[in-house]
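I opened a notebook for this structure and wrote down each thing as I looked it up. The entries follow in that order.

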Amino acid sequence: MSNILKNSARFILLLLIQVIILNEIPPIHQFITPYLYFIFILWLPFGTSRIDTTLLGFAIGYTLDMFTNTPGLHAAAASLIGYLRPTILNILLAQEVSEELSKEPSIGSMGWGPFMIYLFSITFIHHFYLVLLEWLQFGDFGYFIGKVFFTSGMSMLLILLAELLLNRRKLKR
Amino acid sequence: MKNIIGFIRQNFTFFSFLILQIVSLVMLSSYSKSHQTFFGNWNNTIAGSVNSYYNEWAYFFELKATNAKLVAENVALRNELAQNFVPYDTSVKSGTLILRKDSLEKIRKFFYYPAKVVGNSFTLQKNYITIERGALQGVKKDMAAISPDGSIVGVVVEVNDHYSKIMSLLHRNSKVSSMLKRDRIAGSIEWDGKSPDILLLKNISKSASPKIGDTILTSPYSSSFPAQLMIGRVTSIIKDPSSNFLTLNIKSATNFYNLEFVYLVENKRMEAQADIEQKGEGNE
């Protein structure tokens, strides 16, 4: 129960941070929009089923789309990472870790190496798909590649910061 | 058939994922103006309210920039006012060949500059206002200063490279030519050093019939101020039996307590006017 409550609060908070702060940063705005909202998907407990992560991804993506006036753009990217998340986790984790279902992916519960790979692959897939969809609308290959890499780097930096700042290690126990 | 249903059931997650992808891609590709209005109706109830709250906050932080923009725009608009221009004299025939045919084109007489107030006093007997605009930015001595709502503030008395000093109306030596709006009878605005709200209008002929509440404007005789700028309203009339003139107490229209910007007015013909006024005095 507290899990649902915690994740609902995260859902709202992350969306607000994304809409109010990150989408408005002026100096790097046009080219790089850092994304933090999909940390919601990253932090869902291990036990969340694939259908749940996909639906939740769609939900948070579509809610973000309401604010950015791009119906379907973030929804598609977020439901894609929601769908792929269990696969990546299964590859990365030993059986015994992923059996503790209520735990959440973090540096503490996964270790630095696997978590970084997990973070990188999810971030990269999200941005690649997101920018690909944008690119098909606007069309400029340099823009596409540049935006994928710079935005991914920026977002990863932010997510790592959030990870370290919030010190979620205590969840390991 | 059974196999197909079984296959779908087995891969239920994958199919729902596919459906979600298709739904979002269709939304994305068919997004257009008509969708915007359709989605807008129910999306905006949530997103719109959050955005409007956010905008209120963001607006607060942009107030400074907005203010500067508005000042610039006001100056531009003020410079377009018709009263800044004098028409060509077409009533006189000139013998030269280069007679102007276009009588609609006007000559600019007044020009406006914005200036930020950096120092202001109103409690002394001789009050000055310091502004951040100097000779390098086009300020000259004797330029008039008016407040953003169009009422007069004072006259520039000292100028250096980047700053200038304005003698406020609240100065014992300040004297501005003014007139009653009702019958256009001229007098001069002075200050007795008592209350920052009350100015004195002296030398009004007793033939004038001022009433309490009458508007006082700048007169066309002033070389610094454009005519018909607001100065204030009459609050009381002092009748002095020993002289031929009335003195009026004026509630100043300018709020000297919260000046942030002033507009400086440059009269392009001021020197010519001062010149001719001085020449007359030599004949006495």
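I began with Asp142(B). Is Asp142(B) buried, exposed or partly exposed? Asp142(B) counts as partly exposed because it has 15 C-beta neighbours inside 10 Å. The cut-offs I used: buried means 20 or more other C-beta atoms within 10 Å of a residue's own, exposed means 12 or fewer, and partly exposed is in between, with C-beta atoms placed from the backbone. I noted that this is a predicted model, where local features need pLDDT of at least 70 and side-chain atom pairs count only at pLDDT 80 or more, while totals for chains, interfaces and linings use all residues. Residues are numbered from 1 along each chain as its sequence is written, and chains are lettered from A and ligands numbered from 1 in the order in which they are written.

I then placed Asp142(B) in the loop between β4 (126–131) and β5 (144–146) of chain B. Strands here are DSSP runs of E with at least two residues, helices are runs of H or I with at least four, and both are numbered from the N terminus. The phi of Asp142(B) is near 70°, a positive value in a residue other than glycine.

I looked up Gln228(B) next. Its phi is near 65°, again positive in a residue other than glycine. Gln228(B) sits in the loop between β11 (215–218) and β12 (230–239) of chain B. It counts as partly exposed because 14 C-beta neighbours lie inside 10 Å.

Then I turned to the strands of chain B. Which strands close into a barrel? Six do, in the order β3-β4-β7-β6-β5-β14, with antiparallel pairing. Two strands pair if DSSP finds at least two bridges between them. Neighbouring strands of this sheet are turned by 45° against each other on average, direction ignored. β5(B) and β14 (residues 261–267) run antiparallel and are joined by three bridges. Ala144(B) has Val265(B) as its bridge partner in β14(B). Helix α4 (residues 63–79) of chain B packs on the sheet and touches β3 (110–120) and β14. The direction of α4 makes about 145° with that of β3(B). Such angles run from 0 to 180 degrees between N-to-C directions, and axes are lines fitted to C-alpha atoms, for helices over the stretch in contact.

β8(B) and β9(B) form it with five residues between them. Arg184(B), in the turn, has a positive phi of about 60°. Ser177(B) has Ser188(B) as its bridge partner in β9(B).

Next came the cores. A nonpolar core is a set of buried Ala, Val, Leu, Ile, Met, Phe, Trp, Tyr and Cys residues joined through C-beta atoms within 7 Å. The largest has 41 residues, and Val262(B) is among those with the most contacts inside it. Strand β6 (residues 152–159) of chain B gives the most to this core, with five residues. Beyond its neighbours within four places in sequence, Val262(B) is in contact with residues including Ala115(B), Ile131(B) and Val153(B). Contact means C-beta atoms, placed from the backbone, within 7 Å. Another core lies apart, with 38 residues, including Phe40(A) and Tyr83(A).

Last, I looked at chain A. It has eight helices and zero strands. Of its 173 residues, 37% count as buried. Phe144(A) is in helix α8 (residues 141–166).

Note on methods. Contact = placed C-beta atoms within 7 Å.
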